[in-house]
Amino acid sequence: MNPIHCVKGFFRKPENVILVCLITILVYLILIPLFSIVNDTFRVHSSELMRIKGTVAGDFTTYHWKSIFAGKYSKNIFYQPLFNTLLISLITCFIAICTGGGFAWLVTRTDIRYKKVISSLFILPYIMPSWTLAMAWLNFFKNERVGAPGLFTVFTGIQIADWFSYGFFPITIVLGLHYAPFAYILIGGILRNMDANLEEAAQILKTGRWRIIRKITLPIVLPAMLSTVLLVFSSAMSAFAVPAFLGTPVRFQVLTTQLFRTLNGTSPGYGYLIALVMIVIGTIILLTNQMLIGKRKSFATVTGKSSNISLVRLKKFRTVLSLAVLLWLLLITIVPLISFAVQSFQISSGSFKADNFTTLFWLGEGRPDVLSGEPGILRNKYIYVGLWNSVRLSVLISLLAGTAGLLVGYSVVKKRGSRWANSLDRLSFFPYLLPSMAFGAIYLSMFAVRRGFIPSLYGSFAILVLIGTVKYLPFASRAGINAIFQLGKEIEEAAVIFGVSWWKRMVKIIIPIQRASVLSGFLLPFISSMRELSLFILLVTPSTRVLTTMLFQYNEKGWDQYANAIILFIVLVVVLLNAVVNKVTGASIDKGIGD
Amino acid sequence: MPEIRIENVTKKFGKFVAVENLTITIKDKWFVTLLGPSGCGKTTTLRMISGLESPTEGKIYIDDVLVFSAAEGIDLPPAKRDVGFLFQNYALWPHMTVSQNISFGLENLKWNRTDIDCRVQDLTELLKIDEFLGRYPAELSGGQQQRVAIARTLAPRPKVLFMDEPLSNLDAKLRMEMRAELKRLHRETNSTFVYVTHDQLEAMTLSSRICLMKEGRVQQYAAPLDIYNGPSNLFCAEFVGNPTMNFIEVACLQTEPGRISLTSDDLNFTFAPVSPQPKVTAGQNLVLGLRPESVLLSEKGSIHGTIYSALPSGMETTVMVKTGNSLLTSVVFGGQDFPVDGWTGVELNHDNYILFDKSSGENIATGTLTVALREGGV
Ligand SMILES: Nc1ncnc2c1ncn2[C@@H]1O[C@H](COP(=O)(O)OP(=O)(O)OP(=O)(O)O)[C@@H](O)[C@H]1O
Ligand SMILES: [Mg+2]
């Protein structure tokens, strides 16, 4: 056949056009930055001229590699933080899977009470910014090391040891609880779809309850657990705010905090190299995960109708356990919020005398004697600018990422199995493995100058939108692939037969049918960017700052009351929005992650 | 000896009654089939007997042991009831190989390894799946998966075996083979089988008793041929038999001992019961049921009709005949074809015609028929 006709025929199919366009754009926005980061690890940066003698900025050098991996200070700047990071990520995975998986089992397989409430409460730690819990931890458990003691000491008079207040222990607990909803959603999804007959068959064959869990249930949810490990490990590894809040007081360093210090300080070369190491670790985990799941043991037949699950009867433990679970959930979700609320009304935290309460931090005009005369949250025009920026940014990101995710889903499912589709699938997931702050750093260096048709974006709002869209594409494309995959191709083909145009098929058939899934592809990026900090922290300028970066600044200054008030603000906005979208459309984040 | 007694068992899902007041006894070594349209409560019944579901009311005995009693709060778990269960969708464990699937139940019973291997070997040879021992379920065809499921269920030698539509996913040929296999297994294993299906042919050919259900209630519990020849009501008559029974709506003209005169749109019948004389009154609405093989086509038939359609299958031909306003189905044995729109006579000279009461649907009598075209009729 004539090659020109070949090409024409290829591009007559909308999925092919989308495929080619998306791959081109993503290569530009993901792969090229990756090369640029590798390049940056071999370059002399202007702030390093003092140390790398006799060079000019931009020269080739192996200085960074040598001093990170084999230098005098390697242990302090790299190996120790690396070890901390890996250990934290590992333990975080463990905590997340145990609590999330355990709760998923309780909710789907037993007759525990308050299932609805438990479900919604359990998602909260994920919707809330990760450092909410970290700050709550500080509120309760900080000791004299940083100013006023926490509530625990105030109420009980017991002094708390450093290891309990700061560093490794609280970081893993907080991250573990924050990512437990991942495990809950992923494992719960499998448990819900898993054919109950599989367990009943074992029951009939006289298998004990624990043996059923060990031999039947666990192996079948193993793929979901592996996915959880992948997601949680990568997320925990690139978490910045939590280790920054909880680790700094005892100089507990992880890779991300090192990254922030080096990139913001005088040795960006180190930073780029650390970022590269993190990306490599993430990639290795992804590949291991794929290898494990791709083994011969086919899990394909796991799903089935599970209409009549017979629930495990908890008998006399039912009420006790239900209440305990509920109480515990309240403790990690509602209580922190209340503590923020209370503290935002206290002039100095920890004192509950009547004259210590004030509405200053909410409504005050700003008193020169308190916190540099900053006006209260609700009167502070910077707060409103930040809020407006946050919302505007999140809406744009959600629209762009959601649409792109849907297109990715459409073309990947349509061309399923082809090499191009697989590449797009992987490429669109890749940003997940890029640590947010490293990603921010790359964009900072890449778009500081004009590149091709893209003008210099430094300090602009557009660069925030761009990076958010790419960073959250993985969520959106998972949701998109899910939505289109579940639909099956016949429904669209039925419309093709009638000659309905592609645009109409999408808008009138595919999107309406899979409304809930599609919407969750929009909802996830929105929520994620509302509470994102590390991705934006290197890129914002005073005019483009968002609520979270303001919060970070208040925190660094030690203005806890403002920080608490802002957290409350963000959580309320996100939770309310999630609830509204959920009510109106039926979409919810658990549908998006449940792959 | 495992005898299963179900007494007044009712199952409600919320307000919805899935099974209502079920009382049946399943004797040792019987092959009982639960038959009925979709949603009539077959699976629910099976799950209740095996202990996977708890009834709302009633009692269940297995082997004279009270395994469930709502009043006394007794509810033995499935493991204690010593039963086997073959699931409709096989429920093979996807992460275990064929041999792991089969030996799992035996490991639970703490059999030693050599005995387990022996048993697996025997069963897989019996079911002709010994070459797939190392494969995972996803790597087997539907029929092979099913045989693995059967082997897994049979392995611990359960005295009672429950099977939920085990053949529904198979192609016609494999289904025939497996039916024969199941019947042989039933003999060889000496156990009691309770079998669920909505395929009436399967029920007819396999079972020693059929329990015919509709909307959660038992319609008839009897041997297959008894149901075929003496359906207790219109539902049973219609559900069992293929092609289905012919039904002619009639009204009673007059009744005298040994004779009931009936009239339809255009035919007059005289019904002579061979069973005890039923109570009918003049003017009562009735339904006549005629099995297709009892509707004979012959030249000397007393009524006439035209061939509406003829479906020869080789062994027999299903012919639909239009007489007056009604269509009658007849089965003619032998590879014979009939010209459509051709003329034929119809003869009703058997003694197994059934009279049903129209309003209650109950079977009220069986007997012979003589027919005449009504004067002034077509
Ligand atoms: N867990 C449940 N909750 C509510 N209703 C149920 C449940 N299980 C079954 N039912 C209802 O009970 C009725 C009987 O169900 P059952 O599964 O026993 O039907 P069946 O006879 O096996 O049908 P089929 O031939 O389609 O398998 C149905 O109407 C069904 O909708
Ligand atoms: Mg059923």
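In which helix of chain A is A:Phe10 found? The model shown here is a predicted one, and in it A:Phe10 belongs to helix α1 of chain A. The relative accessible area of A:Phe10 is 32%, so this residue counts as partly exposed, a class that lies between buried, under 20%, and exposed, over 50%.

Helix α1 of chain A, residues 3–12, supplies three residues, the largest share of the patch.

Another helix of chain A is mostly covered. This is α13, residues 255–264, in which eight of ten residues are buried. Among them are the leucines A:Leu255, A:Leu259 and A:Leu263 and the aromatic residue A:Phe260. The buried residues of α13(A) also include A:Thr256, A:Thr257, A:Gln258 and A:Thr262.

Chain B comes next. Chain B has 378 residues, and 53% of them are buried. Its secondary structure consists of eight helices and 22 strands. The C-alpha trace of chain B spans about 80 × 50 × 35 Å along its principal axes.

Around it are 13 residues, of which B:Ser38, B:Gly39, B:Lys42, B:Thr43 and B:Thr44 come nearest.

Two side chains of chain B place polar atoms close to oxygen atoms of the ligand: for B:Thr43 the distance is 2.5 Å, and for B:Lys42 it is 2.7 Å. B:Cys40 takes part through its backbone instead, with a polar backbone atom 3.2 Å from an oxygen atom of ligand 1. Taken alone, ligand 1 exposes 640 Å², and the protein buries 67% of that area.

Which elements give two or more residues to the shell around ligand 1? They are β2 (16–26) and α1 (42–50), both of chain B. The largest share, three residues, comes from α1(B). Sorted by class, the shell around ligand 1 holds seven polar, four nonpolar and two charged residues.

Key:
Residues numbered from 1 in each chain as written. Chains lettered and ligands numbered in written order. Predicted model: local features only at pLDDT ≥ 70, side-chain atom pairs only at ≥ 80, totals over all residues. Heavy atoms only, no water. Near = heavy atom within 4 Å. Polar contact = N/O pair within 3.5 Å; in protein donor to acceptor, adjacent residues only side chain to side chain. Areas by Shrake-Rupley, 256 points an atom, 1.4 Å probe, with all protein chains shown as cover. Helix = DSSP H or I, 4+ residues; strand = E, 2+ residues; numbered from the N terminus. Nonpolar A, V, L, I, M, F, W, Y, C, P; charged D, E, K, R; others polar. Buried < 20%, exposed > 50% of the residue type's maximum accessible area, 1.4 Å probe, protein only.
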